[in-house]
Amino acid sequence: MVGPRRNAKESWPSGELGNCGYRALLPAGFDGLLVAGKAIGGTHLSASAYRVQPIVASIGQAAGTAAALAALQRCPPRDVDRRALRRSVKEQGLLPAEVEA
């Protein structure tokens, strides 16, 4: 999540910005694989945010974008140029205006 680091026992204040990091889509121990939707890695606190349909759809779109970039860059998803991915998802409107690309 973007923002101040939180202890798992704390709750996220209302209105505070939180984003899913790209590494949540990269399963440990597997190359060439991306996960999306409710299967991504996260804490029980973040799961309450990413289980709703608009967020699930956005995560899927970001995973598809990462897969396309991996194919274009001829690399596994883990090695995708993160700046290019961030720019692309920002251009698609998946990141809030407050988040830098």
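Helices (H or I, at least four residues) and strands (E, at least two) are taken here as DSSP runs, numbered from the N terminus. The structure is a predicted model, in which local features need a pLDDT of at least 70 and side-chain atom pairs count only at pLDDT 80 or more, while totals for chains, interfaces and linings use all residues. Residues are numbered from 1 along each chain as its sequence is written, and side-chain values use heavy atoms, with hydrogens and water left out.

Confidence is expressed as pLDDT, the predictor's confidence in each residue, from 0 to 100; its mean over the protein is 80, and 81% of the residues reach 70 or more. Confidence is lowest in helix α1 (residues 44–50), with a mean of 74, and highest in α3, with a mean of 92. Over residues 1–9 the pLDDT is below 50, and this stretch has 16 contacts in the model beyond near neighbours in sequence, where contact means heavy atoms within 4.5 Å.

Of the 101 residues in the protein, 28% are buried, a term that stands for under 20% relative accessible area, with exposed meaning over 50% and partly exposed in between (1.4 Å probe, protein chains only). The accessible surface of the protein comes to about 6800 Å², of which 53% belongs to carbon and sulfur atoms; such areas come from the Shrake-Rupley method with a 1.4 Å probe, and for residues only the protein chains shown count as cover. Among contacts between residues at least 6 apart in sequence, 40% join residues at least 24 apart.

In soluble globular proteins, nonpolar side chains tend to be buried together. A nonpolar core is defined as a set of buried Ala, Val, Leu, Ile, Met, Phe, Trp, Tyr and Cys residues joined through side-chain atoms within 4.5 Å. The largest such core has 12 residues, namely Y22, L26, A62, A66, L69, A70, C75, V80, L85, V89, L95 and V99. The elements that give two or more residues to this core are α2 (53–73) and α3 (82–91), and the largest share, four residues, comes from α2. A second, separate core of seven residues includes A24, L25, V35 and A63.

The 21 residues of α2 should span 30 Å at 1.5 Å a residue, and the end C-alpha atoms of this helix are 30 Å apart, which agrees; the expected span is 1.5 Å times one less than the number of residues. The buried residues of α2 are V56, I59, A62, A63, T65, A66, L69 and A70, and what covers them includes α1 and α3. T65 in helix α2 counts as buried because its relative accessibility is 12%. A polar atom of the T65 side chain lies 2.9 Å from the backbone oxygen of Q61. Not counting residues up to four places away in sequence, T65 touches L85, S88, V89 and Q92, whereas A70, counted in the same way, touches C75, P76, P77 and V80. Just after α2, R74 takes a positive phi of about 55 degrees.

In helix α3, R83 is exposed, since its relative accessible area is 67%. R83 and A101 are 18 residues apart in sequence and 7.2 Å apart in space, C-alpha to C-alpha.

Technical notes: Polar contact = N/O pair within 3.5 Å; in protein donor to acceptor, adjacent residues only side chain to side chain.
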